[in-house]
Amino acid sequence: MTETPAAPQTARIAIIGAGLAGLTAAYELNKQGLNKQGLNENAPETKIDVYEATDRIGGKLYTVAFEAGPTDMGAEAFLSYRTDAMEFFEELSLKNDITASSSARSLVYCGGATHDLPTSGIMGIPSSSEPVKDIVSEATAQRIDDEAEQPGFAWTVGGDANVGEIVRARYGDEVADRLVSALLGGVYSCAADDLGVRATMPQLAAEFDRLASESAGEGDGTVHLSTAVKNIEARRSQAAGNPSGQPKPAFAAFKGGYAQLYETLAEKSGADIYVDAFISGIERAGNGYRLTGGEDTVYDHVILATPAPTTALLLKKIAPEASASLSTVKLANSVVVGLRFDGEGGVDKQLPDNSGVLVAADEPGITAKAFTFSSRKWPHIGERGGAMVRASFGRFGDDIAIRASEDDLVDWALDDLQTITGFDGRAAGLEEIYVQRWFGGLPRYDEHHLATVAAVREKLASVPGISVTGAWVGGVGVPAVIANAREVATSVARGGAAGVGRA
């Protein structure tokens with residue numbers, strides 16, 4: 001007599017956080033399905049619950065419905081040369097909704113004037129004084145050009161070091177404040193002195209590794225900053241078939257804003273998504289876990305897609321050592337102020353013909369750290385008429401996102417915009433304003449960050465049924481977050497098949 005196969009059990013998975021990482025993980029789990037791995041016909045079905053503490057999905061991606069059209073008030077662009085991200089968006093049937101940025105260049109404001117932002121170098125770090133000679137003093141320019149002739153600095157292969165310390169020691173404060181901190185402030189909401197080389201510029205760290213390994217054979221194991229940057233520029237130029245070394249525009253965005261992405265992920269995730277659902281703790285329940293504040297369910301696996309401090313708190317009972325390591329990660333607060341001006345009087349022609357302007361960290365009298373001229377940077381926004389400007393405030397260590405009122409932020413944005421560009425926003429016809437505060441928007445990727453992430457991963461390896469993902473794990477930027485979340489979801493789907501479906 002043939003036995004009737006037992007009915008498949010259900011694998012219950014909880015994801016805490018409905019930002020990009022959490023929604024991507026949910027989508028990937030649903031797509032792969034623990035019952036679609038070809039293991040056997042009785043492999044369990046998957047039940048996915050996603051919990052979000054706020055009243056909306058999307059996390060640090062946030063598309064606001066301005067009258068002229070949807071506009072992102074969080075991240076607005078991604079690196080289009082990341083083929084893995086582009087393939088993922090095509091898989092989601094979103095490829096036709098992606099648009100490239102214009103060719104308009106960025107500016108940097110320092111010394112009371114705007115200058116073209118150099119397109120060579122690495123995150124504002126030049127290989128020679130030529131591209132930055134109008135931004136720094138003659139003494140600093142000479143120091144840059146002489147750097148390769150000075151004794152090198154020690155670099156530990158595979159290690160990390162502070163960006164600001166290296167740049168200040170080799171090139172001086174002007175390069176660190178006017179260029180490097182201006183660029184890094186826009187990406188990481190941190191100054192150069194708050195960040196690690198390998199954590200933020202892995203390409204530069206890898207070149208330091210190579211140079212240090214070569215020089216170690218000669219007995220000193222030292223490197224030169226200008227040599228490393230020059231070598232990277234040469235390889236970049238050769239790979240692009242571009243002898244000038246000037247990179248082409250590499251940014252892209254969604255015509256309807258990132259809402260197209262996070263809403264599509266939610267729709268295709270097959271998950272039950274609970275908003276206004278604050279999870280305050282995770283406790284063991286037999287071979288699974290219960291969530292304090294969640295459904296009355298024992299989950300086989302929990303994926304934490306939350307900021308580092310929140311993750312540390314949630315791990316406190318079930319993985320205290322990992323929690324302790326993770327508690328050292330700090331977050332940077334920031335604010336984005338969206339300003340839409342009407343199209344009367346040729347207002348769209350009054351702004352500089354640039355994509356935006358970064359503000360030097362040592363510039364007195366300016367509160368904003370950057371402006372994005374969205375209607376210049378993005379053709380689809382420019383086609384709407386009028387002008388759209390995003391003003392950004394806040395770096396790690398300041399409290400502007402917490403203490404400043406909306407009225408003050410808008411006034412500072414308008415005042416700084418006029419000081420920098422001459423554009424009088426008050427007289428130009430200000431139609432709409434949106435102020436978005438990002439409390440703990442990004443982790444501080446300092447020189448200890450990668451070691452911290454490695455330690456947390458190592459300590460969680462012995463805690464079955466718990467995974468972590470998010471920007472603090474995979475790195476800054478939409479493609480990096482997506483890649484890490486998909487990797488984690490795949491690991492859960494494939495590696496967790498034998499241990500799911502438990503009562």
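User: Which conventions apply to the numbering, the confidence limits and the atoms used?

Analyst: Residues are numbered from 1 along each chain as its sequence is written, and side-chain values use heavy atoms, with hydrogens and water left out. The model is predicted, local features need pLDDT of at least 70 and side-chain atom pairs count only at pLDDT 80 or more, while totals for chains, interfaces and linings use all residues.

User: How many cavities of 30 Å³ or more does the structure hold, and which residues lie nearest the centre of the largest cavity?

Analyst: Rolling a probe the size of a water molecule over the atoms shows where empty space is left. A cavity here is a set of points, on a 1 Å grid over the protein atoms alone, where a 1.4 Å probe fits but cannot get out, and lining residues have an atom within 4 Å of a point. Grid points are joined across faces, edges and corners, and a volume is the space filled by probe spheres set on the points. The structure holds three cavities of 30 Å³ or more, and the largest has about 100 Å³ of space. Its lining has 14 residues, with Asp72, Glu76, Trp378, His380 and Ile381 nearest the centre. Strand S4 (69-72), strand S11 (251-254) and helix H13 (379-382) each give two or more residues to this lining, where helices (H or I, at least four residues) and strands (E, at least two) are DSSP runs numbered from the N terminus. S4 gives the most, with three residues.

User: How is the pair of Tyr62 and Tyr434 classed?

Analyst: A pair of aromatic rings is described by the distance of the centres and the angle of the planes. Rings of Phe, Tyr and Trp (its six-membered ring) pair if their centres lie within 6.5 Å, and planes under 30 degrees apart count as stacked, over 60 as edge-to-face and the rest as tilted. This rule gives 13 aromatic pairs. The ring centres of Tyr62 and Tyr434 are 6.1 Å apart and the planes stand at 75 degrees, so the pair is edge-to-face. The pair links distant parts of the chain, 372 residues apart, with Tyr62 in the loop between strand S2 (45-51) and strand S3 (63-66) and Tyr434 in strand S20 (residues 430-443). For Phe88 and Phe89 the centres are 6.3 Å apart and the planes at 50 degrees, so that pair is tilted. Both Phe88 and Phe89 are buried, on a scale where buried means under 20% relative accessible area, exposed over 50% and partly exposed in between (1.4 Å probe, protein chains only).

User: Which strands pair with strand S1?

Analyst: Two strands pair if DSSP finds at least two bridges between them. S1 pairs with S2 in the parallel sense over seven bridges, and with strand S15 (residues 301-304), also in the parallel sense, over four bridges. Ile16 has Tyr51 as its bridge partner in S2, whereas the partner of Ile15 in S15 is Ile303. Strand S1 (residues 10-16) is mostly covered, with five of its seven residues buried.

User: What is the phi of Met123, and what is that of Asp276?

Analyst: Most residues other than glycine have a negative phi. Met123, although not a glycine, has a positive phi of about 50 degrees, and phi of Asp276 is near 55 degrees, also a positive value. Met123 is partly exposed, with a relative accessible area of 26%, whereas Asp276 is exposed at 56%.

Methods. 1 Å grid on protein atoms, 1.4 Å probe; cavity = no way out; pocket = protein on both sides within 12 Å on 5 of 7 lines; lining within 4 Å.
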